[in-house]
Structures are given as structure tokens and as C-alpha cells.
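Hi there,

Here is the structure I promised to send over.

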Amino acid sequence: MLQYILHGRSDTMTNRDYDKPLEFDLAIGKQKPNTVRRHEKYCPFCDVPHLKGILDKKGPMIWLKNAFPVLKNTDPTLIIETDNDDGEFTHYTPEYAESLLHFAVSKWMIMRQNRQFKSVLFYRNYGRLSGGTIHHPHMQVIGLKEYDYHCDVRIEHLKGQVVLATPDLEVNLSDHPLIGFNEFNLILHHDRGFSDFSRYLQLTAGYITERYAQFTDSYNLYFYYFPEKPGIFAKAVPRFLTNPLYVGYRIPQITDENSRLETVRALKNKLLSIKD
């Protein structure tokens, strides 16, 4: 199953109309519950007996249709990670995190095999600035029928200053971030490195929450595939207020060289600490 993901899909479309962004249905959006920014006590993901559109289960992990399909011409699905409303990916045991990631990646693969989608998004929100509306830990897998993200995200965005590398995987600090400053990339070259890939992803997300704790409590995890390059690509992004140069001109920024070297050193030490 995993092998299919690592080798991509050779016929992925790469042409789209740049003047046609995704359309957000405000009428549906207004109905969405919000347990992140509003003090709503009811969590729909805790109310498992009343969940609808369930596609698959593995213990407390649930893959289901999104009850609020706010993006038109898409097929949005969710993966509820755990039955613990206050759970967090960085706090799961390594074994549970790996099992969860296997489960989620397999669902991503299933949707990628569906020929009606030009591309399939797979990502995770955490914290008030991450863009999420439900506090309960979950991931999202969304099939896009008329939009190919490969027109906007290229392999160059996942390359950078190496933090750690083995024959099976690489962790780096992006040289060409999508938004700016410190974006951390993880690349799985071979499925035998999946366990380390999962653990390093946990530790990198944990590094973000520790390193930037005085500035933000938020991060996103994004996953990518590229038809021309086998592998699973992931990006861990600390979330702040978006810098104005990017908002107005789409100009990303990176930190100075000394700061980058210090960031690489600190993350490398954290990743290597699990081997001690």
C-alpha cells in the first residue's frame, strides 16, 4: 500500500486556470461548529455514536466525510486521531503516532487513486493561528476536482539546509519557504524509514511548540507527493500573523545565516536525542 505513495502517480495533471481559486461556501461555513475560537462545549468528534459518513475505523481513529463541505468542487474528509479531546500529535506515544500516520497515509493514497481528483490535500492544523475550528485532534484529506496544487508547490519548496539525512529520509530547513522564515521539511525516500519519519515529524512539531512558545501556540503539518519524484514529502510550519510582504507581494523571507545555523543545530540535537 505505502509503495504506491512513494512512487507517485505519473499522470497527475499539472494545468489549471490560475484565475479560478477555490470557492468557499459561506452559508455552510456559518453553520460549522468552532471549539477553537468560540466557547462551545459540544464537540462533534467526541459524540462518536452520532457521527455520520464514517468510511473506516481503526480503534479510536476514524476516517469520515466532512459534514460541512465548505469548498466547492471538492470531496473533503477528516481523520479523527483519538477519542481524547485534548490529545495532541506531539504527545502521542511513538507507536501510536506511527500507527495513526500509517492509517492517514493509506486514506490519502486511496483518494489519490481516484481519477476524478486533480490533486489531493493532506494536512493537520494545531492551535489558534493554524486555521482550524475544532480543537479535537484531527487531520484533513481533501480531493480537489478542479485544482492541482503542484502548480503552486514545487519540489524546490521542500529542499533546504540539511538537519539530518539517512539513505531513507531527510530533514531540512527550507531554503525556499512557501510563506517565510523557518519551515521544516521531512522527506521519506523509502518506506523502511517510515518509523523514523513518523518520530522525526513528532519531534519537529514538538520543537516548534517549544522554540516559539512565547510567540505562538500553533503549527501546521502538510504532506505532498510529486509525480516526478518518489517519496512522501512533509512540511512543518510554525504559524504567526502572516508577514505583510507575503500578503501583498507573495515575497517569502528567511532568517539570517547565523540564526539558520542555530536553528539547524538545535533541531538536530533534538532529533538525535532519541538515539541516545
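**How H4 and H6 pack**

In this predicted model, H4 and helix H6 (residues 257–272) pack at an angle of about 130 degrees, with their axes 10 Å apart. Helices are DSSP runs of H or I with at least four residues, strands are runs of E with at least two, and both are numbered from the N terminus. Axes are lines fitted to C-alpha atoms, for helices over the stretch in contact, and angles run from 0 to 180 degrees between N-to-C directions. H4 and H6 are therefore oblique to each other (under 35 degrees is roughly parallel, over 145 roughly antiparallel, 65 to 115 roughly perpendicular, and the rest oblique). On the H4 side, the contact (heavy atoms within 4.5 Å) is made by Tyr200, Leu203, Thr204, Gly206, Tyr207 and Glu210, and on the H6 side by Thr263, Ala266, Leu267, Lys270 and Leu271.

**Thr216**

Thr216 sits in the loop between helix H4 (194–211) and strand S9 (219–226). With 7% relative accessibility, Thr216 counts as buried (under 20% relative accessible area; over 50% is exposed and in between is partly exposed, with a 1.4 Å probe and protein chains only). A polar atom of the Thr216 side chain lies 2.6 Å from the backbone oxygen of Arg239, and one lies 3.1 Å from the backbone nitrogen of Ser218.

**Reading the numbers**

Residues are numbered from 1 along each chain as its sequence is written, and side-chain values use heavy atoms, leaving out hydrogens and water. Local features need pLDDT of at least 70 and side-chain atom pairs count only at pLDDT 80 or more, while totals for chains, interfaces and linings use all residues.

Best wishes

Terms used. A polar contact is a pair of N or O atoms within 3.5 Å; within protein, one must be able to donate a hydrogen and the other to accept it, and residues adjacent in sequence count only if both atoms are side-chain atoms.
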